[in-house]
Amino acid sequence: MDTLPRRDALVRTGLGIGWLGASGLLAGTAAGDGGGPAAPRSLAPRPPHFAARARAVIHLFANGGPSHLDTFDRKTALEKYAGQEVPGRLPTERRTGAALPSPFAFARHGDSGLEISDLFPSVARHADRLLVVRSMHADVPNHEPSLMLMNCGDGRLVRPAAGAWVTYGLGTENQNLPGFVAMCPGGYPIKGTENWRSAFLPGAYQGTYVDTRKKTVEELVEHVRHPVLDRPTQRRHLDLTATLDRDHLAARPHDPQLEARLASMELAWRMQAEASEAFDVTREPKHVRERYGDDVQGRQMLIARRLVERGVRYVQVWHGEGQPWDSHEHIEKAHRRLAKECDQAIGALLDELVWLGMLESTVVLWGGEFGRTPTIELPSPGNVTVASGRDHNHHGFTVWMAGGGVRGGMVYGATDELGFKAVEKPVHVHDLQATILHLLGLDHTRLTYRHSGRDFRLTDVHGRVIADWLA
């Protein structure tokens, strides 16, 4: 007669009734649909809730908070009040001084006449394809919670990233590549991997981090090739390990970490066949590489296009580690350098998405976690030494979108006369997230996952789809 090990007996008898109850609850809530059987925990393609306008997202994240006043939201009143205390009191994170007009020249571009500063001449070529949202607002003027809000829908607790929600809802079109890739050159940004985690979603949906400061495929994707074993031998090793792990899992059901490990091992094996080709920009003609620029931003923008072209669902392109756009001082010099690093590559990305017929099915989003104040930031101990920059501002800022069913050549909303607060058609971050999901064919109120006794979603209990943005 077989005997049951004491540990297994405790697990099965002590948790059995609880798991029966939990399985009933889980069976009654669709993981991605709000009803019906639980969704498969894989990256296999899944149909959207309704006809989608887009199939992929490229999120160009200018982390640190670029100044909307110096890029896409011109305010002539700042010139009027230059060097003067502005009317009224502007509540800010730290004490600020007089009005600071933009040091950059603005001009109208395209048939739409969108005003864009001279920081972004390559982006300006696509003015008639851009939806410029000038009335964004977030919750607080701090990097950490604002990053979490923009990327994960919650500024306090670790929640699944937008890319994890998208791949959870739709899967990916290429089983040999991750569904969600986060590229950040030089190391992690503020809050690190929390920006692209799957949190309580199955681990298969978390973002795959790539340090794009590295150049070769072997550096970009570690261990992409085995130094000794051939592929048939590796396959046999993987099959043996997977068999042992599945036996282990059968005795310990509902272990998300073990399930995620099994999925990641299988994905790592499949990536050997395709990742080498997808991340190798040297396979592109020389004139294509020159169009993007032979630098970090150029390489990662080109990789982003190659990944989406190969069926990756969500690609996030970070400007760099830390918070590079956080220009508390020397904003003229810093913003000009930062824009020069990425403008050519963004323009080339949009060019190629148009030429390849991919822009109409790809949402491109550019922006940071908040904007900056219309006033100059005063020196303060341990923070600012020279009054030459702007402080954080979550009350009003700008993002732009292109492609994927978005109306182009359009400005939506406005900040006040000085550019401090969103006053016309204000858009919260949750509204932005709800609308992007809508473009992908996902109803943000139905894309839910039951965790700790309640249904969670990217937009929490907020968010609205902004119909005016839809082409």
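Trainee: What should I know about the model before we start?
Mentor: It's a predicted model, where local features need pLDDT of at least 70, side-chain atom pairs count only at pLDDT 80 or more, and totals for chains, interfaces and linings use all residues. Residues are numbered from 1 along each chain as its sequence is written, and side-chain values use heavy atoms, with hydrogens and water left out.

Trainee: How many helices and strands does the protein have, and what makes a stretch count as one?
Mentor: The protein has 12 helices and 18 strands.

Trainee: Why is Phe 279 called buried?
Mentor: Buried means under 20% relative accessible area, exposed means over 50%, and partly exposed is in between (1.4 Å probe, protein chains only). Phe 279 has a relative accessible area of 3%, so it counts as buried. Across the protein, 54% of the 471 residues count as buried.

Trainee: Where is Phe 279, and which residues does it touch?
Mentor: Phe 279 is in the loop between α8 (256-278) and α9 (286-292). Leaving aside residues up to four places away in sequence, Phe 279 touches Val 210, Val 217, Leu 220, Val 221, Ile 303 and Leu 307. "Touches" means a contact, that is, heavy atoms within 4.5 Å. Phe 279 and Glu 218 are 61 residues apart in sequence, yet their C-alpha atoms are 9.6 Å apart in space.

Trainee: What share of the contacts in the protein comes from residues 24 or more positions apart?
Mentor: Counting contacts with a separation of 6 or more, those residues account for 77%.

Trainee: Why are α10 and α11 called roughly parallel?
Mentor: Helix α10 (residues 296-309) and helix α11 (residues 331-355) pack at an angle of about 20°, with their axes 8 Å apart. The axes are lines fitted to C-alpha atoms, for helices over the stretch in contact, and angles run from 0 to 180 degrees between N-to-C directions. Under 35 degrees counts as roughly parallel, over 145 as roughly antiparallel, 65 to 115 as roughly perpendicular and the rest as oblique. So α10 and α11 are roughly parallel to each other.

Trainee: Which residues meet there, and how many are nonpolar?
Mentor: From α10 you have Gln 297, Gly 298, Met 301, Leu 302 and Arg 305; they meet Glu 341, Cys 342, Ala 345, Ile 346, Leu 349, Glu 352 and Leu 353 of α11. By class, that contact has 7 nonpolar, 2 polar and 3 charged residues. Ala, Val, Leu, Ile, Met, Phe, Trp, Tyr, Cys and Pro count as nonpolar, Asp, Glu, Lys and Arg as charged, and the others, Gly among them, as polar.

Trainee: How do you know that α12 is largely enclosed?
Mentor: In helix α12 (residues 429-439), 10 of the 11 residues are buried, so the rest of the structure largely encloses it. Among them are His 430, Asp 431 and Leu 439. After α12 comes Gly 441, with a positive phi near 85°.

Trainee: What makes α5 "mostly covered"?
Mentor: In helix α5 (residues 162-170), 9 of its 9 residues are buried. Those buried residues pack against α4 (143-152), β6 (180-183), β8 (314-318), α12, β17 (449-451) and β18 (454-456). Just after α5, Gly 171 takes a positive phi of about 70°.

Trainee: How do you know that β1 and β9 pair?
Mentor: Two strands pair if DSSP finds at least two bridges between them. Strand β1 (residues 56-61) and β9 have 6 bridges in the parallel sense, and Phe 61 has Gly 367 of β9 as its bridge partner. Strand β12 (residues 397-402) runs antiparallel to β9, joined by 3 bridges. As for cover, strand β9 (residues 362-367) has 6 of its 6 residues buried. Thr 362, Val 364 and Trp 366 point one way, while Val 363, Leu 365 and Gly 367 point the other way.

Trainee: What makes β2 and β11 edge strands?
Mentor: The open sheet has 3 strands in the order β2-β10-β11, with antiparallel pairing. β2 (96-99) and β11 (390-393) each pair on one side only, and that's what edge strand refers to here. The twist averages 60° from one strand to the next. Strand β10 (residues 371-377) is joined to β2 by 2 bridges and pairs with β11 over 3 bridges.

Definitions and conventions: Helices (H or I, at least four residues) and strands (E, at least two) are DSSP runs, numbered from the N terminus.
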